[in-house]
Amino acid sequence: MSHVPFWFAQFPKSRRNAYPRLRGEHVTRVVIVGGGLTGVACALTCAAAGFDPVLLEANVIGGGMTAGDSGVLREGFAGSFEDAVKAHGIRAARDVWDGMRRGSLDFAAALRRYKIRCDLTPQDVLSFARPGEEAGRLLRREYDARRRAGVDGTWVMSAAVARE
């Protein structure tokens, strides 16, 4: 069985842009390796800033991890905030969190500015723990670590989730 990303099923080859192979010698100040979401966003940002970036992709633009991703644009990182604080300190963890948040907001603004139709819709994120006291304690520690750093969030009890 072969895996075909949802996005490719929506846009068959006949509807996708083709880009030329890089041939010959090129002189540039900016080279971006990888034509996924991050690489293309970096190339677009560099071009908007007046640079002439060269984007290198071994296969299909947007065809790797980006094509197989869920399409969710998160405002924070998916890992443990508490672990980031332990490893790098509260200031660095908060700076990374703030950078991720700003990046997600900037990216959403760019999607609107370039009129990219992608069903962009704000959604709340709900983190939950498996049943059991230890999982609940871990989730509470994560929540508390974020609160101490000033990261917005709300603790919701399971009964409230069930009612919702």
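This passage walks through the predicted model shown above, from its confidence scores to its contacts and surface.

The model is a prediction, so local features are described where pLDDT is at least 70 and side-chain atom pairs count only at pLDDT 80 or more, while totals for chains, interfaces and linings use all residues. Residues are numbered from 1 along each chain as its sequence is written, and side-chain values use heavy atoms, with hydrogens and water left out.

The average pLDDT (the predictor's confidence in each residue, from 0 to 100) is 87 for the protein, and 96% of the residues score at least 70. Helices and strands are taken as DSSP runs numbered from the N terminus (helices H or I, at least four residues; strands E, at least two).

Salt bridges come next. Side chains of opposite charge can pair when their charged atoms come close. With a salt bridge defined as a side-chain nitrogen of Lys or Arg within 4 Å of a carboxyl oxygen of Asp or Glu, the structure holds seven. One of them joins the side chains of arginine 141 and glutamate 82, at 3.3 Å from N to O. Arginine 141 belongs to helix α6 and glutamate 82 to helix α4, so this contact ties together parts that are 59 residues apart in sequence. Burial is judged by relative accessible area (buried under 20%, exposed over 50%, partly exposed in between, with a 1.4 Å probe and protein chains only). Glutamate 82 is buried at 14%, whereas arginine 141 is partly exposed at 39%. Both residues also take part in a network of salt bridges that links Glu82, Lys86 and Arg141.

Glutamate 134 is partly exposed at 42% relative accessibility, and arginine 137 is partly exposed at 45%. In the other bridge, the closest N and O atoms of arginine 146 and glutamate 142 are 3.0 Å apart. Glutamate 142 is buried, with a relative accessible area of 11%.

A pair of aromatic rings is described by the distance of the centres and the angle of the planes. Rings of Phe, Tyr and Trp (its six-membered ring) pair if their centres lie within 6.5 Å; planes under 30 degrees apart count as stacked, over 60 as edge-to-face and the rest as tilted. This rule gives two aromatic pairs. In phenylalanine 81 and tryptophan 97, the ring centres are 5.8 Å apart and the planes stand at 85°, so the pair is edge-to-face. It links distant parts of the chain, with phenylalanine 81 in helix α4 (residues 81–88) and tryptophan 97 in helix α5 (residues 90–113), 16 residues apart. Both phenylalanine 81 and tryptophan 97 are buried. Tyrosine 143 and tryptophan 155 form a tilted pair, 5.3 Å from centre to centre with 55° between the planes. Tyrosine 143 sits in helix α6 (residues 133–148) and tryptophan 155 in the loop between α6 and α7 (158–163), 12 residues apart. Tyrosine 143 counts as buried at 17% relative accessibility, while tryptophan 155 counts as partly exposed at 30%.

With a disulfide taken as a pair of cysteine sulfur atoms within 2.5 Å, the structure holds zero disulfides. For cysteine 46, the nearest cysteine sulfur, that of cysteine 42, is 6.5 Å away. The sulfur of cysteine 118 has its closest cysteine sulfur in cysteine 42, at 18 Å, which is too far for a bond.

Lysine 115 is exposed at 70% relative accessibility, and aspartate 119 is exposed at 75%.
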